[in-house]
Amino acid sequence: SINYDDILFFETSCNPHKVILHAAGRQIEFFSTIKELTNALDGDFVRCHRSFQANKKNIKEANTKNRIIYFTNGETCPMSTRKMKGL
């Protein structure tokens, strides 16, 4: 179990039906889909890209020109043009 505050973002894996959880200091791969996570998680998580779901509490900066989200630990993930308004 991981606290919601430690989760940075979720990313789809290259393995079918798997998702990678990026947390502070570790990554965990498990069976799920981004769509299932979107329905199960609370309002602190936002779908920022087709393959990514980010925790709004851990976003340090969102660069709209380059469409990149920077997190508190230095990791980054892409942001789609259509999802910019949600952030």
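Colleague: Is Phe-45 buried or exposed?

Modeller: Phe-45 counts as buried, at 7% relative accessibility, where buried means under 20% relative accessible area, exposed over 50% and partly exposed in between, with a 1.4 Å probe and protein chains only. This is a predicted model, in which local features need pLDDT of at least 70 and side-chain atom pairs count only at pLDDT 80 or more, while totals for chains, interfaces and linings use all residues. Residues are numbered from 1 along each chain as its sequence is written, and side-chain values use heavy atoms, with hydrogens and water left out.

Colleague: How many aromatic pairs are there, and which one involves Phe-45 and Tyr-4, edge-to-face or stacked?

Modeller: The structure holds 5 aromatic pairs, and the one formed by Tyr-4 and Phe-45 is edge-to-face, at 5.5 Å centre to centre with 85° between the planes. Rings of Phe, Tyr and Trp (its six-membered ring) pair if their centres lie within 6.5 Å, and planes under 30 degrees apart count as stacked, over 60 as edge-to-face and the rest as tilted. Tyr-4 lies in the segment before β1 and Phe-45 in strand β4, so the pair ties together parts that are 41 residues apart in sequence. Tyr-4 itself is partly exposed, with a relative accessible area of 39%.

Colleague: And what about Phe-9 and Phe-52?

Modeller: Their ring centres are 5.9 Å apart and their planes at 50°, so that pair is tilted. The pair links distant parts of the chain, with Phe-9 in strand β1 and Phe-52 in strand β5 (residues 52-55), 43 residues apart. Phe-9 counts as buried at 2% relative accessibility, and Phe-52 is buried too, with a relative accessible area of 10%.

Colleague: Which residues do ring pairs link into a cluster?

Modeller: Tyr-4, Phe-10, Phe-30 and Phe-45 are linked that way.

Colleague: Switching to the sheet, what is the strand order?

Modeller: The open sheet of 5 strands runs β3-β2-β1-β5-β4, with antiparallel pairing; helices (H or I, at least four residues) and strands (E, at least two) are DSSP runs numbered from the N terminus, and two strands pair if DSSP finds at least two bridges between them. The edge strands, each pairing on one side only, are β3 (26-31) and β4 (45-49). Strand β1 (residues 7-12) and strand β2 (residues 18-23) pair in the antiparallel sense over 5 bridges, and Phe-10 stands opposite Leu-21 in β2.

Colleague: How many disulfides are there?

Modeller: A search of the whole structure finds 0 disulfides, a disulfide being a pair of cysteine sulfur atoms within 2.5 Å. For Cys-14, the nearest cysteine sulfur, that of Cys-77, is 17 Å away, and Cys-14 counts as exposed at 78% relative accessibility. Cys-48 is in no disulfide either, with the sulfur of Cys-77 as the nearest cysteine sulfur at 3.9 Å, and Cys-48 is buried, with a relative accessible area of 0%.

Colleague: Where does His-17 lie, and what is its phi?

Modeller: His-17 lies in the loop between β1 and β2, and its phi is near 65°, a positive value in a residue other than glycine. Most residues other than glycine have a negative phi. His-17 is exposed, with a relative accessible area of 61%.

Colleague: Last one, what does the pLDDT of the protein chain average?

Modeller: The protein chain averages a pLDDT of 90, and 99% of the residues score at least 70, where pLDDT is the predictor's confidence in each residue, from 0 to 100.
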